[in-house]
Amino acid sequence: MTNFNIVPDRRNASNSIKWAWYPKDVLPMWVADMDFLTPKPILSALHKAVDHGVLGYEMPMQPLKETVAARMDNLYSWKVKPEMVIAVTGIVSGLSVAARMACTPKRGVLVQTPVYNEFHEVKNNIGIPQLNAPFIKHVNGNIISYEIDWDIFEKQIKKAGMFLLCNPHNPLGIIFSRKELLKMAELCIKNNVLIVSDEIHSELLLDNNKFTPMAKLSAEIAKHTITLVSPSKTFNIAGLFCGFAIITDKDLRERYEKELNHLRLHVGSLGLIAAQTAFSGKCDGWLKEMNRYLTGNRDFIVDYVTEYMPDVRLTVPDATYLGWLDFTQTGIDGSPFEFFLKNAKVAASEGKIFGKEGEGHIRLNFGTSRKLLEQGLEQMRKALKSI
Ligand SMILES: Cc1ncc(COP(=O)(O)O)c(C=O)c1O
């Protein structure tokens, strides 16, 4: 059993972006990595590689591709051949490569807002238009939920070269239903739009929820889809920058590889080693325990906010370790992110970076110990009380 209540000191013992960005008296609850130790089998594999003593150039070999393919089969009964697996230097690079291939100044990238801030950068990286399909927001007591606005989606998809799907969704924590995925895919195929499905959070499942990759739904959908998966969020190895594009269609795959080769994006050797162990199944016991702990953290936030901050609204995420809190009814003047940074010494993620619908909201990273989570919420509650 792993004790997730114990987290190491990251502020003084690492170059962590999350812990080094803000002054020492600020509790960081922003960048999406977790404060938990990486599981032991991964650390052992990395120790072994370092102890070997030579850290020259390496490349993704057949056993690693077989491991990724086997994981898709084990988790989803999705039959992927090893040659369909391409290593990428992280998912953000992987999706930008896809946009270079599929978008033009006339056919942009469609995203569902509010959405992961890096999705908003694709247009700037590539010089293409961004098309937004904002969700419809529902409020039930202090719980908020989001639904696809199909009219807008259908209108925007006509102008897109690529649909960038975030499933599970960051920052909303949604796992899209089979019905929703089928409808999105149908509209993409009808309009000849490439589907790029960022599934980086797909193994961070709360409440024992289930997940299905978009490309698993049918051979026809797979033919039009690039699936991006990674062990980085799940096993807390984001700093090693290793992810995978899974592309079943040969032509699409060759075009993607060509674009990737132009950019000379090579994954570091330690990333390849960590991914091999992470996806081998050796850490699955750890993952199950961690998802249970994260579910407890999610419940803790919902209960805490409901009891002590009744004017605050929030999502109940089905996946990820990201909460989405709405302060529009609280009387905070201006950005809640700035408010809590100044008055609570808590650094969350600014809602606006996820799209204009995020104004008045923050994203809160709960991938930490219950104690630090409680401390952060307590500091926020006191700051709110002072208004
Ligand atoms: C949806 C999503 N995609 C990609 C990333 C980052 O991926 P990488 O670090 O592999 O580029 C994140 C990190 O927060 C994310 O939430």
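The shell of residues around the ligand comprises seven nonpolar, five polar and one charged residue. This description rests on a predicted model. Of the 13 residues around the ligand, those that come nearest are Ala-32, Gly-90, Ile-91, Val-92 and Asn-170.

Strand S2, spanning residues 85-88, is covered on both faces. Val-85 and Ala-87 lie on one side and are buried, as are Ile-86 and Val-88 on the other. The pairing partner considered here is strand S10 (residues 243-246), which runs antiparallel to S2 and is joined to S2 by four bridges. Within this pairing, Ile-86 has Ala-245 of S10 as its bridge partner.

At the level of the whole chain, the domain assignment gives domain 1, made up of 17-38 + 284-385, and domain 2, which covers 46-278. The centres of the two domains, taken over C-alpha atoms, are 25 Å apart. Contact between them involves 32 residues of domain 1 and 33 residues of domain 2.

On the side of domain 1 that touches domain 2, the following elements each give two or more residues.

| Element | Residue range |
|---|---|
| Helix H11 | residues 284-308 |
| Strand S11 | residues 313-314 |
| Strand S12 | residues 322-326 |

H11 gives the most to this side of domain 1, with seven residues. In composition, the side of domain 1 that touches domain 2 has 17 nonpolar, eight polar and seven charged residues.

Definitions and conventions:
Residues numbered from 1 in each chain as written. Predicted model: local features only at pLDDT ≥ 70, side-chain atom pairs only at ≥ 80, totals over all residues. Near = placed C-beta within 6 Å. Nonpolar A, V, L, I, M, F, W, Y, C, P; charged D, E, K, R; others polar. Buried ≥ 20, exposed ≤ 12 C-beta atoms within 10 Å, placed from the backbone. Pairing = 2+ DSSP bridges. Domains from an automatic or database assignment. Contact = placed C-beta atoms within 7 Å.
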